[in-house]
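Thanks for coming. I will talk through one structure, starting with its packing and ending with some backbone details.

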Amino acid sequence: MAFYDSLKLEKGMYHASDKSFTQVLEELDCSKNYEGTELEGLDAYQRQLKRFDIKVGGKGSDVVEKFFQTGDSAALFPEYIIRAVKQGMEHVDLLPSIVATTTTIQSMDYRTITANPSEDEKELKPVAEGAEIPQTVISTQDHLVKLHKRGRMLVASYEALRFQKLDLFTVTLRQIGSYIARAQMKDAVEVLLNGDGNQNGITPTALNAKPTYSDMIQLWGGLAPYELNTILASTTTMQDLLNITEFKDATAGLNFHGTGKLSTPLGANLLHVPSLKDKTIVGLDKTCALEMVQAGDIILDYDKLIDRQLERAVISTIAGFAKIFTGAAAAASYTA
């Protein structure tokens, strides 16, 4: 059994097609072996940071150069960048609130499945003895899921960054993560509204004026038998919705002040999506409307980073979205 202070770290640990760097480390140095010790609670990567005395944040944060004190410690640098970018993505990421499932693939081609039952087929009617049981047909989509590569390029030399504090560099990397998350959210909303290329877009209901409580009730009813549990709106649309008298609920206000999350009298979560077109409201059942497809995790130029060739190193993700049940999302738009 290998221990954290004697592991040989190398570039090849990043090349496992179905495992992250941390997962490779965990196989060599399992965290369960440290239960009841001072290292309990740390994962395999965090133990390596401790091994080389690298502090990535807080008081006494080290400089970027600390990662490159040895060849082994340099191998930790790409994982540090991945984690910082993920922190930025998670901080602004609304996708878990609208995605029913996430599928990770190891190729660029993916064809999802769908089920689009009629209103009659949605009902579970009594079946007489000997009669045929109604069917739900699940089929593959005609078109492949369109994947988008989103990311940023680091344009800075090692010499320019070597003496910069890691906590400051982390702020920059988190911002890159937030850019990626917002772009992916925009892609997801685009698929909800216009479909994924399989003729499954939705036509927004036209409202004659600013939305009223009655309009929201109609949106809720139009999704049946699916559940309206999530509503998406841009900044302008959000302001119009929050001015509806019924949305000025005291309990909802307390929830917003306490958690920062907006809810509605209908029980649906109200999400602020600045990229959504103004005066368009999207309602959906987050449990069955959308599938996220991603080709692996965050992609980095590992070799360049370990060799201190930071300039023009690319940080990116490849992901796309597909609709599962077409009727699980609806929209309304207005011009007033």
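This is a predicted model: local features need pLDDT of at least 70, side-chain atom pairs count only at pLDDT 80 or more; totals for chains, interfaces and linings use all residues.

Residues are numbered from 1 along each chain as its sequence is written, and side-chain values use heavy atoms, with hydrogens and water left out.

First, the cores. A nonpolar core here is a set of buried Ala, Val, Leu, Ile, Met, Phe, Trp, Tyr and Cys residues joined through side-chain atoms within 4.5 Å. Buried means under 20% relative accessible area, exposed over 50%, and partly exposed in between, with a 1.4 Å probe and protein chains only.

The largest nonpolar core has 42 residues, and those touching the most other members include Phe 67, Phe 77, Ile 81 and Ile 315. Elements giving it two or more residues include helix H4 (77-92), helix H7 (166-194) and strand E12 (313-323); helices (H or I, at least four residues) and strands (E, at least two) are DSSP runs, numbered from the N terminus. H4 supplies the largest share, seven residues. A second, separate core of 26 residues includes Leu 95 and Tyr 226.

Now the loops. Between helix H8 (213-222) and strand E6 (230-233) lies Pro 225, and the peptide bond from Ala 224 to Pro 225 is cis, with omega near 10°.

Lys 279 is not a glycine, yet has a positive phi of about 65°. Its loop runs between strand E8 (269-272) and strand E9 (280-284).

Arg 312, in the loop between H11 and E12, also is not a glycine and has a positive phi of about 65°. Arg 312 is partly exposed, at 48% relative accessible area.
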